[in-house]
Structure formats: structure tokens, C-alpha cells
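Hello,

Here is the structure I said I would pass on.

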Amino acid sequence: FSMMSQLRSAFHNNVNQRFDTRYRCYPVAMIPGEERPNVNYGGKVILPPSALEKLSRLNVSYPMLFDFENEAAEKKTHGGVLEFIAEEGRVYLPYWMMTTLSLEPGDLVRVINTDIAQGSYVKLQPQSVNFLDITDHRAVLENALRNFSTLTKSDIFEILYNDQVYQIKVIDVQPDDSRHVVSVVETDLVVDFDPPIGYEESLQKNKQQNIAGVQGTMVTKIGYDELVRQGDSNLMKGTGTKLNGKEVAEVPKINLLDVEKQECPAPLILPLGTYFFGYPYKAPSIEEDSKKDPNLFKFEGAGTSLRASRKTN
Amino acid sequence: MILRFRSKRGMARAEFQPTDTLAMLSAKILSDILKNDYSPENVSLCQNESDQGVIFSNLNDQTLQDAGLTHGQMLYLRLGTPNSDIASSNNEPALTVTGAPKQVSTPDVSEKKPSMPVIQDPIDDSLEKEDGLIRRSMTSLCRHGPKGMCDYCSPLEPYDESYRQENKIKHLSFHAYLRKINSNVNKYASSQSFIPPLEEPSFTVKEKCPSGHPPWPAGICTKCQPSTVMLNLQPFRVIDHIEFASPGIVDSFLNKWRQSGFQRIGYTYGHFEQYNNVPLGIKGVIEAIYEPPQVSEADGVTLEEWADEALVEQVATACGLRRIGIIFTDLTDDGSNSGKVLCKRHSDSYFLSSLEVYNSANFQTKFKNPCKWSRSGYFGSKFVTSVISGNLNGEIEVMSYQVSNIGTALYQADLIQPSVDPDRMLVKKEDQTRYVPDVLYRYTDKYGKQVSENAKPAFPVSFLLVTLTDGFPEKPDPLFSNNDTSIITTLESTDETGRLRQLAKLFDHNAIANGSLSNFSVLLAIAKLSILGKDDLAALASYATAPTEENEKNLNSRESYQTLLAILYSSL
């Protein structure tokens, strides 16, 4: 009986007992051994073996998920665990996680085992326009999110693709509870995007170009595009061949702004009294912005020469 | 006895007997002294230098003694045209009076002066009377009293280079430039031996080449072929500044674009005044914009046949206005819904496209500037091209330009052609009808060095441009209180009676006091009825712009005006 009660109490204790430990944190770049980029661009940490021992004694649900808390700054994020190979008393965190928690290497981080609901929907916002350069966002994201267990609202995480780091912010998660976090392990997730930061401006610019280039009836009436094409062009010309021996159809595509590069543009012969404004639009360079900025840092200095110059002005 | 003879061929002496006759004397002179170069009709014998003397052929058989000639006496021979010249020119009977021999070597001044007296614009005449000196106040370097003057504070010439640069005046004013050129050529304000200081450039092959070869294209020589064209910044501008008498003029012109998004073009009417911000400057004050028949498009505009040109000019003259230039919009909304427009014309693209420069050169050739300081009687043009487009901040702005004299000369010689690249003008190729001289342009390259480059086949349009400043007056005092041009469209859309009724409403006494007639378009509509004569129009114009009692009295006394009123009131 006593054994039973002991067992029960142990069991009982285990149920109530949580994994709640403080470790000194270090970025994953400081793991001894080979560099592991997929760890740095993921949502999983590396804990010491003792943590595994402790966790295995507890009745934890799988996958193991944790709260990471910087108590001093009162900042929280969440994540999973990748391996238990860290030195005792240490935890290795991806760099973006340390930034999110505003931790310095060697600071204390509180790691608490927790349960997190499966996510059904996330909304992400890339932090720069160059994310749009990726052709297949879906595949890239799918691949990158494999390294993540959780997504926390308003975190900015990093992914690596093609030697390029993309920062992505989590705008919204569903279901959204007080902790604003969902688990993304083995779940069907609807992913939505906000336009990247700076996208509006580039959109505006494109729109302007379209306005100036497309609108207008005189352009077609006088056949401006055709005239530009007639001009003598010193653009690179040539044909290509496919490996299978077929000819590549040459596409005579001339960017209208290239008219500037033509050595001898075609004449524009119109009757007197005709005014045409449909030239390709060229935006003014934004030079004066840099001129206006007085804080703009510039290298300055004076050179000296050992021998005084004989030339006098 | 020995007699001495003085002539323009030098001194000579000959021995005679006192009993020889004068006829013998003349024969001896002709053969011995003048070597038979002259016929007796062209030589006369004079007692002294001043008198007319007697022609040899009239000399009689009087003896020398009887004629009172003594030993050693000096006589004068007045020589006319030598035989060789008479033979070559085969002219009319030789001159009988040799008193005033023809001076061949003296330059013929009358040929260089324009044959007709040049009537200049009044503004040019009044500016010529100004001294144009730039007054300076006393400086710290002056060591004299308040009424003294020294090198540091004496007034500067209007064309002073350092003053121009300090005040960031891009071009000299035309009259300042004229002073500068004229001070090198003539003594200014002295009419003796006047050489016209200005010459309009011409790049055509000279006709009637004096060196006697077959005319071009069969032959050409250095005398008749046009010299190399060097394109560079024109140092002067005929007009310095364009001023819109009130912002409403531009605003009502823009309304058409605002409503339709289509570009508009119009002729500007106004007058010229002295512009005081520049020494001896001229400003064009625009009082009205008239929109001639045109086809508007979003990306262009085409002028059409203008049947009313004479009438519009007549009304403008009646109002004391003249055509100053042309104005057109090149506006594209930037799509931001903030009322801003695209900045299309800037230093990286172009200011005036090659096509517009070509058109303006045509206008400037049509509207030449009469100038008595020029060999041809004309110099440059006062025709100004204004563009309404977006500036760097996306705001709507007016920019005004003229084509340089070299530009118009290139156009006249048919040497240039616009290209699809707005920033470049093409030089035409030489053929049977056109001789193309070398065209070079000079610019400062990235190393800060002056470089000359061949302008064939294309060169930057900016080398043909002269930039004007423009603005609005601080205290607007426009001639017309109303600039609404929409009345023309309203009038044209109705029938004859409706039109009269519309106009009659404007002739209400109170309405006139509020300036209902003070509108170029309204005056034009009245003139179109062709009831009023030229003088009546002028009277109406002065009454419309300034409804004073005196003007009203003047107008009411006119018969045709009463007819007009009667017709208008009958329509009500």
C-alpha cells in the first residue's frame, strides 16, 4: 500500500511538477563543432542532457514545447527543442530569439515546459521587398517552417534561402489566446501575407511608370514605339542556340528608355504645330534628398605630399 | 620757259616756247606727261588747286604768253577717268565735269544699312534711351565723402560679368549684350560711320558668290559656304522674364486639363515692359491666353487651321496687346490622388523636347524682332515658349524658354530635325538641296575640360535653349478682371439668338461695373459679330477694362456701338 501510495504520490507530483529551469543562454553560433545554419534560422533550441533526463521523468506531451522568458526585460517567446547536447547550465538559442528577448550571451533565460494549441492560420509580413524576388514562396516557407515548432505573434523570425536572410514578422495567429502563440508542428496551416514593408512605394513607382507609358492615344497614332525600334541601336545583338539544336526565336523587345542609348535615334517627323508628350517617363533622380540631409556622413580629410608641388595656380 | 605740273600722278615739268599755243601745250602734256592714258575730255588745266579749270579739249589757240603763263609757274592737272577704265566699263560718254572725281575706295555705307528705316518695338526704343548703369552704394573701401565716387562705387556697365554671376542671372539681357557688342564696334551713340554690330547667323550657302564659279551645288568656295556651326550657350536672351498678370489666367487655362485630362495649347497675349531685376531687361506680361482650334489628347496636342487669326489679332491690338508666345500643358497625374503631377521635365530627361524646339523655331522665324542694330533689320525673336508641367516636388509649374538664334538659323537652313529621343536633335544629312556645314558643340566633360564634339548625327537639345525666369507679380493688376474662357464654348453651343441673348446680359450696367466685359473671350465674341469697327473695338476694350465715365462717353458717341446695343437689346 505504502508503495502504491508512494507511486501515486510520485505520479501525482509528476503531474503537477513542471519543467521550469533557468539557464545561461548563448547564440547557436557558439556551439562547439561545426557550424549549423539550420539551427540559427529555426525556432528550436539546444538544451543540456540533464534537461532531457528531467523532462523524461515528467509526464510531458510531445512535441516538447517551451516558454522562453527574459524575466528582467519581461519578454517572452516560444519554441521547441532540437537536441540535448549543450553543456550543463547552458541553452543555445537562435540569434533572432535572443534579439526578440533582448538577451545578451550569458544572460539568464527561464525555460518552462508548456502546451501550445495547434495553429490553423497565421499572417506573415516579410520585412523587405526582396522577399518578392523569391519565385516559389510556398515551397521556401514550407521548407523553412520545418525548423520551427511555434510562431508567436509580433515576433520577427529569420529564414535562410539562397544565402540570403529574410526577416518575417508574425502579424496574426489563430486560434489567438492570451499568449498569442500557436504550434505549427504537424498541422494544416493557412498562411496569409501582408505586403512587405516598402512595397507600397515601389508599387507607386511602377504605377507612375505605367501611367506615363501606357496612357495616351497619340503614341499609337504616330507609331512612336515602332519609330524607336527603327533607330540605329548599339544594344547587344545576337542569337542563342538551345542544347537540342533548335533555334531560339529572337524577341525584338526594346525598352523605350533605351532610346537614350541609341547613337542615332530615328527622326520624329510630324507636321508643324504638333506637340507630342508621350515619351517614356523618366523619374528624376532623388539626389536632392541626400543633399538635404545634413547628417549624412561623408569621409573627409586632407592629403599631404612630402614634396611641395612646383605648380602654382 | 619751263612750266611745272602737279597732278595725282605726281610732279612733272616741261619746256615750252612763250609763243606756243595752249592746244600745243595740252597735246604735249597728254603724250609726254600722261603717256596717252587720258583723253583730252578727262583732263583739265587749273591755275590753282581749288578752281575747276578748263578741260583740255576746250583749250584754244591762245599763246602761253597771252594766257599769262610765266617761267617756272606751277599748274594743276585735274585727272578724270583714265582711258583703260572707260574702255573696260564701256560706259556712257565720258564725264564732262571732272570736278568731283568718283571715290571708288570709300566704303559705301548705304549698302550696309537696311534699306528701309526699321521700326522697333517701343520697349526697345525706350530701353535704348536708358543708360542701364548698375549703381552701387559706397563700400568700406571708399575713402571719399558722400558725393564722391571712386573705382569701388562707380556704376557698372549693364553687361558687367561679375554682377551677372553674383546675381545668378543666366543670360545677359539683350540690350546689355547690345551695349557690350556695340562698344567694341562703334562709338556708342555717335552716328558717324555706323557699322551694325549684330548679324543674324545664317547657315545657307550664299547665293551669287562673287568669285565667279557656278552656283551651288555645281560649285562652292570658302566665300559662299557657311562656316562651321559652334553650338554653345547663347550669352543673351531677348526676353528675360515672363509674368502672368494674375494667377487666374493660368488657372482657367488649366481647367480644361483638370476636367478632361487632355493637354491644351494656347497663344499668350500681353505686352512688354522693362524688367528691373536685370539691367536693361525686358519682361513679357501675359494678360490673356487664347486657345486656337486644336485636337487635344492625353499625350499630345495638335494645332489646327486657325481661321480667326486675323480677328483675334485685331481684338488683341484693340486691347493694346500683342502675341507674346505659346503655352501648352504637359501634365500627367501621378496617380496618388494628392493633386500632384509627374515631374517629366528635369535635368536628367529634357526641358523642351526636340519636337517642341523645332516648332518654336518655326514660330520664332515667323515672329522676328525688328532691330536697327542688325544688318538685316531683324534680330532674334520675342516669341516665348512656355510649358506647364510638374516640378521636382510634383507641383504644377510654368517654365519658359526661347530657342537660340543659332537654333532658328539652323531651322531656317533646314539643317535640323526632331528625333524620337526628346533630348536630342538630329542634324539632317547632306543632299542635292542642302549643304550641311560642320556642326560642333562644346561642353565641359567629367574631368572639367572643355571638349568639342561633332554634333552629327545628333546633339543635345539644351544647346539650342535659352531659359527665361517666370513668376507672378507681387501686386497683381491685370488688364482683364475675368479670365474665364468657358464663355466661348457656351456661346458656340447655342444658336444665333441665344448667343445674342447671352451677350446682352453682359451689357447690363451693373454687370459692366463688375467687369462682365473685362474678359478677352467676351471681347472676341463681340468682335465676331462684326458690327464694331477697329476704333470702336479699341474704345470698347478701354471701357471694358476700365469702366470710367469718360470711356463710356467716348463709346456711347459711336454709332456702331449704338447699333450693337440695339441688336443686343432686341434679342432680350
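This is a predicted model: local features need pLDDT of at least 70, side-chain atom pairs count only at pLDDT 80 or more; totals for chains, interfaces and linings use all residues.

Sheet and helix in chain A

In chain A, helix 5 (residues 137-145) lies across strand 7, strand 9, strand 10 (164-174) and strand 12, and runs at about 110° to strand 9 of chain A. These strands belong to an open sheet of four, in the order 9-10-7-12 (chain A), with mixed pairing. Strand 9 (156-161) and strand 12 (190-193) of chain A are the edge strands, each pairing on one side only. On average, neighbouring strands of this sheet are turned by 35° against each other, direction ignored. Strand 7 (residues 121-126) and strand 12 of chain A run parallel and are joined by four bridges. Within that pair, Val122(A) is opposite Val191(A) of strand 12.

Strand 6 of chain A

Strand 6 (residues 108-114) of chain A has six of its seven residues buried, so it is largely enclosed by the rest of the structure. The cut-off behind this is that buried means under 20% relative accessible area. Strand 1 (residues 20-27) of chain A pairs with strand 6 of chain A in the antiparallel sense, over five bridges. Here Arg22(A) has Arg110(A) as its bridge partner in strand 6 of chain A. Strand 3 (residues 65-70) of chain A also runs antiparallel to strand 6 of chain A, and five bridges join the two. In this pairing Leu65(A) stands opposite Thr114(A) of strand 6.

Two places in chain B

Arg434(B) sits in the loop between strand 20 (424-427) and strand 21 (439-444) of chain B. Is Arg434(B) buried or exposed? Its relative accessibility is 13%, so Arg434(B) counts as buried. The Arg434(B) side chain reaches two backbone oxygens: that of Asp414(B) at 2.9 Å and that of Lys429(B) at 2.8 Å. Leaving aside residues up to four places away in sequence, the residues that Arg434(B) touches include Trp216(B), Ala413(B) and Leu415(B).

Helix 13 (residues 496-506) of chain B has Gly498(B), Leu500(B), Leu503(B), Ala504(B) and Leu506(B) as its buried residues. These residues pack against helix 12 (486-493), helix 14 (509-513), helix 15 (520-528) and helix 18 (559-571) of chain B.

Where the chains meet

Contact between the chains involves 45 residues of chain B and 39 residues of chain A. Between them the two chains bury about 3,500 Å², 59% of it on carbon and sulfur atoms. Asp299(B), Leu355(B) and Val420(B) supply 21% of the area that chain B buries against chain A, more than any other three residues.

The rule finds one salt bridge across the interface of chain B and chain A. Lys221(A) forms a salt bridge with Glu297(B), and their closest N and O atoms are 2.9 Å apart. Across the interface of chain B and chain A there are also 19 residue pairs in polar contact, both residues at pLDDT 80 or more. On the side of chain B that touches chain A, the elements that each supply at least two residues include strand 13 (300-303), strand 14 (322-329) and helix 10 (354-366) of chain B. Helix 10 of chain B gives the most to that side, with six residues.

Regards

Methods. Residues are numbered from 1 along each chain as its sequence is written. Chains are lettered from A and ligands numbered from 1 in the order in which they are written. Side-chain values use heavy atoms; hydrogens and water are left out. Buried means under 20% relative accessible area, exposed over 50%, partly exposed in between (1.4 Å probe, protein chains only). Contact means heavy atoms within 4.5 Å. Two strands pair if DSSP finds at least two bridges between them. Axes are lines fitted to C-alpha atoms, for helices over the stretch in contact, and angles run from 0 to 180 degrees between N-to-C directions. A polar contact is a pair of N or O atoms within 3.5 Å; within protein, one must be able to donate a hydrogen and the other to accept it, and residues adjacent in sequence count only if both atoms are side-chain atoms. Buried area is the accessible area (1.4 Å probe) that two parts lose on being put together, summed over both. A salt bridge is a side-chain nitrogen of Lys or Arg within 4 Å of a carboxyl oxygen of Asp or Glu.
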